[in-house]
Amino acid sequence: MKSNIWRNSVGMEPGDNWKQEWAAGILSYFASVYIVMVNAAILADAGMPLRAGMVATLLTAVTGCLLMAFGGKTPIIVVPGMGINAFFTYTLVHSMKLDWREALAVVVVTGVLFAIVAFTSLYRILSDAIPHNLQHAITVGIGLFLTFIGLQKSGIVIAHATTFVAIGHFSDPAVITSVVTLLLALVLFIRGTRGGLLISMLVGTGLAYLLGAAHAPKNTEPGHVFSGYGSVFASMDWSGFVSLVFWIAVFLLLLIVVFENIGLIASQTLMAGRPERFKSSLRALSLANIAAGLFGSSPVVAAAESTAGIAAGGRSGLTSLVTGLLFGATFLFIPLLAYVPDSAIAPILIVIGGLMVQSVREMDLSDMTELFPAFLVMVMIPFTYSIVDGMAFGFITYPLVKLATGKGKEVPPALYGIAGLFIANFVLHALMG
């Protein structure tokens, strides 16, 4: 009787094998644990203490996986999203000039709105309001942006006074380390090696210290792993709550979170053979996004790495439960994670960026009124170093070119409003500048 209650609590069905679920959970963990260090490094770029960023990332991942295990009852792994964390740091903080505490407030509000969307039929309305080409273009643009950030962090691409960017110096041990790590990561990933990104990061770390490209942290934070985390937990700053910039940030983050997760969850629940659990998974993920802001992390997504566990036989929430428990055990290794240098992290950003660019295959490139707005989104995100500005170019251009060619009826009414918000954002910055 107790066994049946336990199996039902995580959504196991009669044909599910608990040994396969455990193995799938372990595999999913090793496929996604690299997120802890990579996400913390990106949060640190926003001004958050590195160790606190690791703790926030782990708490968010543990909570997200548990919510998915018992709420969604699916083998979906929930971790801070790559690409969305770049939006948090490089757009909300660097471009829109929000403090990272204000950005966490944006995450919490976005999570609440996402929950409203997920627990009603609004997710369908919102998804239908944005043309598929623009949705995929955002993913591609963020992928190119992540790649550019990875190339910068690695030293493979450096600033140049005349051409703006140029190739780095291959006499630099950090550049050599990054290139070797990138090649290793690509080979392991393409060959389907389990935990390939984690392995390449560990090898890159060892090589960095061997070549003298990295040094042990001079100012390691004293005390237990949670020391200093109090300054991050529930540290949202609500001072900008009534400002237009704050709500533009919320709106844009909500669009990205909703679009990305609807697609990911739909594909992963279908792959696991449980498409009927789409709604429960989307709702669990929306609650995890509220928790992310409270813990001090950027928003979460249904990790693409979930497919590794599903392919290994994961079908129920037991898979995500096992992964969540392993994320909890990772707290023991936080002091060691501070030794991982940028030259070992940056190549992972490049690989993830490349994977996100695959969305271009889903785009309709035959209609010029669809192609050029999407093209502007894809190129302007990395070239302006701003996800919000890159999106703005495409979202404003789309209704304009449709109207100019007599296809105005093809534009969803809500998209005119969204374009107006982007124009208002440009006007606001012009007046403030």
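1. Which residues in H2 meet which residues in H14? In this predicted model, where local features need pLDDT of at least 70 and side-chain atom pairs count only at pLDDT 80 or more, totals for chains, interfaces and linings use all residues. Residues are numbered from 1 along each chain as its sequence is written, and side-chain values use heavy atoms, with hydrogens and water left out. On the H2 side the residues are Trp18, Glu21, Trp22, Ala24, Gly25, Ile26, Ser28, Tyr29 and Ser32, and they meet Leu318, Thr319, Val322, Thr323, Leu326 and Phe327 in H14, contact meaning heavy atoms within 4.5 Å. By class, this contact of H2 with H14 has 9 nonpolar, 5 polar and 1 charged residues (Ala, Val, Leu, Ile, Met, Phe, Trp, Tyr, Cys and Pro count as nonpolar, Asp, Glu, Lys and Arg as charged, and the others, Gly among them, as polar).

2. As to geometry, helix H2 (residues 18-32) packs against helix H14 (residues 317-329) at an angle of about 45°, with the axes 7 Å apart; helices are DSSP runs of H or I with at least four residues, numbered from the N terminus. Axes are lines fitted to C-alpha atoms over the stretch in contact, and angles run from 0 to 180 degrees between N-to-C directions. H2 is therefore oblique to H14 (under 35 degrees counts as roughly parallel, over 145 as roughly antiparallel, 65 to 115 as roughly perpendicular and the rest as oblique).

3. For helix H8 (residues 132-154) and helix H16 (residues 342-356), the axes cross at roughly 160° and come within 7 Å, which means that H8 is roughly antiparallel to H16. The residues of this contact divide into 10 nonpolar, 7 polar and 2 charged.

4. Thr91 has its place in helix H5 (residues 84-93) and is buried, with a relative accessible area of 0% (buried means under 20%, exposed over 50%, partly exposed in between, with a 1.4 Å probe and protein chains only). Not counting residues up to four places away in sequence, Thr91 touches Ala86, Met96, Ser386, Ile387 and Val388.

5. The largest nonpolar core has 126 residues, of which Val38, Leu92, Phe327, Met391, Phe395 and Phe422 touch the most other members; such a core is a set of buried Ala, Val, Leu, Ile, Met, Phe, Trp, Tyr and Cys residues joined through side-chain atoms within 4.5 Å. Helix H11 (residues 244-271) gives the most to this core, with 16 residues. Apart from it lies another core, of 6 residues, among them Met12, Ala69, Leu318 and Leu321.

How values were computed
Helices (H or I, at least four residues) and strands (E, at least two) are DSSP runs, numbered from the N terminus.
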